[in-house]
Amino acid sequence: MKPLKENAAMETKCLHAGYTPENGGPGVMPIVQSTTYRFDSSEHIAALFDMPTEPLYSRFANPTCDAVEKKIAALEGGVGAMLTSSGQAASLLSILNLCKAGDHLVSVSAIYGGTLNLLAFSLKKLGISCTFVQPDATDAEIQAAIQPNTRLVFGETIANPTLKVFDIERFAAVAHRNQIPLIVDNTFATPMLCKPFDFGADIVVHSTTKYMDGHALQCGGVIVDSGKFDWAASGKFPDFTEPDESYHGVVYTESFGNMAYIIKARMQLMRDFGCYPAAHSAFLLNLGLETLPIRMRQYCENAMEVATALQNSEHVESVKYPGLKSDEDYELAQKYLPNGVSGVISFIMKGGRPAAEKFMDSLELACKEVHVADIRTCVLTPASTTHRQLTDEQLKAAGVDGGLVRLSVGLENVNDILLDIQQAFGKL
């Protein structure tokens, strides 16, 4: 476990980070429900376009969102953050901030099905190609996948739904040898369980819809910039080091220093795509953040009990939960996730897809929904639902078996969760 002082500091940030005297101070989160703002003069507006130190327009900046962005940046240990309307929007913009038509990226194959589809198909239509490598690929295999036009490496701390643990430090080292950044989706871990920047990641993204919100109230995402990658020294990112014709010739590395990445994402991409959340959505997200530390502890505690019970069930072929000592990723989890591996469990039913679907349909307490990381226990069979667009070959590459069940253990009494699983097994 982390020292008590560090845990306490993280919990304090969940409550207080992001607040300033201007936005109400600790304990008060303003809801600035406005699309626009009044300024003193044309000179004032012009100055803000040169140096965006306060909100200009709510398509890409808002005081309520700003307070939440500062809080998440503090939790991850980054220099800045930008909220988006969904986790997919965060992943998309984090990549488009680095790639254009003709560029290439490398990603581990064990990632969320929606992200895999984005990288394999949608980005391909924009002229951005992707090479997938296995999570346990050797350094030589990762290097072989990197091309002269590769602009980033991508992975998930805990893969959805396969729960493979990403070897952040090793992938970061290979990426940095090639002067390119590593982007890590830290959705399942949250900064309560893992801080990817501590292991060499350069950019972190989240679907805030999941654990950060925790209550299934609103969709959202966030991009967090570590401020550590040297875009100028890399030599591969002229959009950061040469004048931006779309933004009065600004050179991001010269004007914004270690915040070049996140400022460019906001003033270029968010300005043009406009996938920014409403103030009220950010307000609701903040409520979830304030209870994140205590919720994450309980999720992990409940999930460990459930995973152990599933491991001993005659109806289960195998259980994937990196908190179990028998799990192939246990050692990686001890390195990156010593305080727990979230509340999500993946297991394969004996009898394949029909058995998995029957089990899911027989649950009574658990919610059958296309969601995960909620305060309520929820369940899904990915091969039949979220990953159904993938071919059998793609499912295999992504580590999704037909009998795979993704169980997101909630905050109910763990005995009630176990009784629900037991009665569902009894109906097989």
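**View 1. The open sheet of seven strands in the predicted model.** Its strand order is β1-β7-β6-β5-β4-β2-β3, and the pairing is mixed. At the edges stand β1 (80–84) and β3 (129–133). Each has a single partner strand, so one side of each lacks a neighbour in the sheet. From one strand to the next, the twist averages 20°.

**View 2. Strands β2 and β4 with helix α5.** Strand β2 (residues 104–108) runs parallel to β4, and four bridges join the two. Leu 105 stands opposite Leu 152 in β4. Helix α5 (residues 113–125) packs on the sheet and touches β2, β3 and β4. The direction of α5 makes about 140° with that of β3.

**View 3. Ile 345 in the largest nonpolar core.** This core has 137 residues. Leu 310, Ile 345 and Phe 347 have the most contacts inside it. Residues touched by Ile 345 include Leu 163, Val 306, Leu 310, Tyr 321 and Leu 407.

**View 4. Pro 161 in the loop between β4 (150–156) and α7 (168–177).** Pro 161 counts as buried because its relative accessibility is 1%. Pro 161 and Ile 345 are 184 residues apart along the chain, yet their C-alpha atoms are separated by 8.2 Å.

**View 5. Leu 289 in helix α13 (residues 279–290).** Leu 289 is buried, with a relative accessible area of 0%. Among the residues it touches are Cys 14, Val 68, Ile 72, Leu 75 and Met 212. Asp 213 lies 76 residues from Leu 289 in sequence, and 6.6 Å away in space, C-alpha to C-alpha.

Conventions. Residues numbered from 1 in each chain as written. Predicted model: local features only at pLDDT ≥ 70, side-chain atom pairs only at ≥ 80, totals over all residues. Heavy atoms only, no water. Buried < 20%, exposed > 50% of the residue type's maximum accessible area, 1.4 Å probe, protein only. Contact = heavy atoms within 4.5 Å. Core = buried A, V, L, I, M, F, W, Y, C linked by side-chain atoms within 4.5 Å. Pairing = 2+ DSSP bridges. Axes fitted to C-alpha atoms, helices over the stretch in contact; angles between N-to-C directions. Lists of a residue's contacts leave out its neighbours within four places in sequence.
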